[in-house]
Amino acid sequence: MSAAGVTGSFARRLLVGSIRALLFPVVAIVLALVIGAIIVAATGNNPAAAYGALLDGAFGSAPAVGRTLVNATPLVLTGLAFAIPFRASMFNIGGEGQLFIGAITAAALGTTVAGSGVVWVAIIILACLAAGFLWGAIPGLLKARFGAHEVITTIMLNYVGINLAYWLAQHPFSGHGTVPGTGFVSARLAYFGGGLGQANYGSLVAILAAVAAYLLLWRTTLGYTLRAVGHSPEAARYAGMSLGLSTTLAMAIGGAFAAVGGGIEVIGTFGSMSVPFVSNLGFNGIGVAMLGRNHPAGIVLGALLLGALQGGAQQMQFATQVPLDLANVIIAIILLFVTAVGLVELLIGRKRLRAMLSGRRGKEA
Amino acid sequence: MADFVGQITPLLSGTISNATPLILTAVGAVFSERSGVMNIGLEGMMLISAFAGAVGGYFAGSVWVGLLFALLAGLVFALIHALMCVTFEADQIISGTAINLLALAAPGFIMLIIFGHKGTTPTVPNFNNLSIPLLSRIPFAGPALFDQDAIVYIMYLLIPLAYFVLFKTSFGLRLRATGESPESVDVAGISVSRMRYYGVAISGVMAGLGGLYLSTGLLSAFTENMTGGRGFIALAAMIFGRWHPIGATLAALLFGFAEAVATRYGQGFVPVEFSQMIPYVLTILVLAGVGGRAIPPAAIGRPYRKE
């Protein structure tokens, strides 16, 4: 075979690979933006002006970039929290509760025994990791031991976790301040500075987490087992892998990531856990993971997109009177479309879609 | 003792009020899930209907117009869910989550445009209590069961109706078969898609009625996120009730009773955060097989593609 032929086939593989990875997210994003523009026009505003302001508010200045980073950071972690169990063929809808467990762990430690400085920051993050791991293991164990459907148990555990965290924040760890919730933590993640506003080293933690997730999934035996279980439980069982153990571990690891996300919100962005605690990050993490096709690199990109949308929306509301909730409407619409196989077929034709996706038809959405 | 007797009526009445939105939503959800479509979007369908009902009622000055708006909103969101899950073969869990996020974000957006502020709508028309002659004079239970608003009476009719439709009509048989074995329904010449659309639509309309009860029955206004997880408790009640309308009703009544007891006696005794966990913890226990396994319809969660 000639060298040109090899390069050609490589380029082709790369092209097919990229199309396969980007097709569904791009269709979902474009459709959501179009619907968003229609909504903006319906409110009597100029869509181009609104999106211009949104873009400016997301990336137009150093503080804007900082805001996008602050928004994206927990989303990387809740995205990973969904993606890792998903690779083992499980839906973790419990990111929200797991994030609250992490937040209260960080607030409890940070307001009681912890001192200041980077060592305590590390200890608090590790404590969140452990708390989230244990909390995430519950639905995994319930599935492995009793066959309880993880979608339902994680949804139910969200409310148990949120209520538990709120009780802890208002009673044993109450700060007795004017705002209900805990006091301020002593150990804080440092700001990047450079005009980036509140952007802090939590973003670095999120990137490290994404790298760790990548290494875990593709460079360790455990990751191989999880993916094997996700692809074909029967084959994995036949190969002597323990389904129960991998199910439990996948959910536990997912929970650990989400909890670190909650911890970073407390020791990075807010400094305390107030009640109510602003979130929905657990649910938006599902969208992030879906956009990123459950790959850590894709998740970082997905989180940046959602973070930018939310940050830019403030500027948009300020400049054009379009409510900033539009960002969340767009996020919801993206999520609505991102797994819609039939919709993409309708748009580009079933045959062409089959051709584009030809090769291995994985089970990832 | 006399004190205890005096508590019976308010406790029963509180149970009905708390359970009504749960019963309506949970019984509706039975139809969706029995047809094979998982409905994680109940919370969103309730929320958007509570909002649409309040806004429709506000502008028309009539709670009955509000009712129409609420049912329509529930139906529209249900049809979006069905379109995504059934026609476009999207993941049912992802679509349901999207419905919830959409319903959480949209009211704030719309309120800011039409009222100029977010958070809470102005006061909207609500359903007044109608005392039914004779029945409301039954000792203890009468005032609790028969001095309620119109939605509660509609609910009394819908529960047996739902049971009848699901188990005594050919439509119900087809719907249930679609959730258990879409292939055989397809072979019998019945459209799987159409049955699933019906199932999800019924669920959306009933969740709409349940949501409306929050903004025009319990309160006379809509506030952002006023469902506060009730859609998920309804989901819990449906599972607890083993995908059966009567079971779902009983489970919702149990949750409503627990809430009534907690609000009446809970203060200082059991922290409210813990009493609120009860439905969720009970559901987890049921799923873990305490008292027998809960078995969902066999084909739930999977899109059906005709080969």
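Predicted model: local features only at pLDDT ≥ 70, side-chain atom pairs only at ≥ 80, totals over all residues.
## Exercise 1: Where the chains meet

Find how many residues of chain B are in contact with chain A, and describe the area buried between the two chains.

*Solution.* 

- Step 1. Begin with the contacts: 45 residues of chain B touch 49 residues of chain A.
- Step 2. Turn to the area, which is about 4000 Å² between chain B and chain A. Carbon and sulfur atoms give 78% of this area.
- Step 3. B:F88, B:I94 and B:F109 supply 17% of the area that chain B buries against chain A, more than any other three residues.

## Exercise 2: One threonine and its neighbours

Decide whether B:T97 is buried or exposed, and list what B:T97 touches beyond its neighbours in sequence.

*Solution.* 

- Step 1. Locate the residue: B:T97 sits in helix α4 of chain B, residues 92-114.
- Step 2. Check its accessibility. B:T97 has a relative accessible area of 2%, and the cut-off for buried is under 20%, so B:T97 is buried.
- Step 3. Collect the contacts, leaving out residues up to four places away in sequence. B:T97 touches A:F283, A:I286 and A:L335 in chain A, and B:I40 in chain B.

## Exercise 3: A helix and the core

Compare the span of helix α4 of chain A with the expected value, say how enclosed the helix is, and then explore the largest nonpolar core.

*Solution.* 

- Step 1. Helix α4 of chain A covers residues 95-111, which is 17 residues. From first C-alpha to last it reaches 24 Å, close to the 24 Å expected at 1.5 Å a residue.
- Step 2. Of the 17 residues of α4(A), 15 are buried, so this helix is largely enclosed by the rest of the structure.
- Step 3. The largest nonpolar core has 189 residues. Those with the most contacts inside this core are A:F82, A:I93, A:F257, A:V266, A:I267, A:M273 and B:L235.
- Step 4. Another core, of 6 residues, lies apart from the largest one, and includes A:F24, A:V27, A:L353 and A:L357.
- Step 5. Zoom in on A:V266. Among the residues that A:V266 touches are A:A103, A:A106, A:A107 and A:F277.

## Exercise 4: Aromatic pairs

Work out how the rings of B:F146 and B:Y156 are arranged, and do likewise for B:F171 and B:Y198.

*Solution.* 

- Step 1. Recall what to look for: a pair of aromatic rings is described by the distance of the centres and the angle of the planes.
- Step 2. Over all chains there are 21 aromatic pairs. In the pair of B:F146 and B:Y156, the ring centres are 6.1 Å apart and the planes stand at 65°. An angle over 60 degrees counts as edge-to-face, so this pair is edge-to-face.
- Step 3. B:F146 is in helix α5 and B:Y156 in helix α6 of chain B, so the pair ties together parts that are 10 residues apart in sequence. B:F146 counts as buried at 17% relative accessibility, while B:Y156, at 24%, counts as partly exposed.
- Step 4. Now take B:F171 and B:Y198, which also form an edge-to-face pair, with 5.7 Å centre to centre and 65° between the planes. B:F171 lies in helix α7 and B:Y198 in helix α9 of chain B, 27 residues apart.
- Step 5. B:F171 is partly exposed at 25% relative accessibility, and B:Y198 is partly exposed at 41%.
- Step 6. Finish in chain A, where A:F100, A:Y166, A:F270 and A:F277 form one aromatic cluster.

## Exercise 5: Salt bridges

Count the salt bridges over all chains, and explain why the pair of A:D325 and B:K118 joins two chains.

*Solution.* 

- Step 1. The structure holds 5 salt bridges over all chains, and the count between chain B and chain A is 2.
- Step 2. In one salt bridge, the closest N and O atoms of B:K118 and A:D325 are 3.0 Å apart.
- Step 3. A:D325 lies in helix α13 of chain A and B:K118 in the loop between α4 and β1 of chain B, so the pair joins two chains. A:D325 is buried at 6%, whereas B:K118 is partly exposed at 35%.
- Step 4. The side chains of B:E89 and B:R305 also meet in a salt bridge, 3.0 Å from N to O. These two residues are 216 residues apart in chain B.
- Step 5. A:R350 and A:E345 form a salt bridge too, at 3.3 Å. A:E345, A:R350, B:E89 and B:R305 are linked in a network of salt bridges.

Terms used: Residues numbered from 1 in each chain as written. Chains lettered and ligands numbered in written order. Heavy atoms only, no water. Helix = DSSP H or I, 4+ residues; strand = E, 2+ residues; numbered from the N terminus. Buried < 20%, exposed > 50% of the residue type's maximum accessible area, 1.4 Å probe, protein only. Contact = heavy atoms within 4.5 Å. Expected span 1.5 Å × (residues − 1). Core = buried A, V, L, I, M, F, W, Y, C linked by side-chain atoms within 4.5 Å. Phe/Tyr/Trp six-rings, centres within 6.5 Å; stacked < 30°, edge-to-face > 60°. Buried area = accessible area lost by both parts, 1.4 Å probe. Salt bridge = Lys/Arg side-chain N within 4 Å of Asp/Glu carboxyl O.
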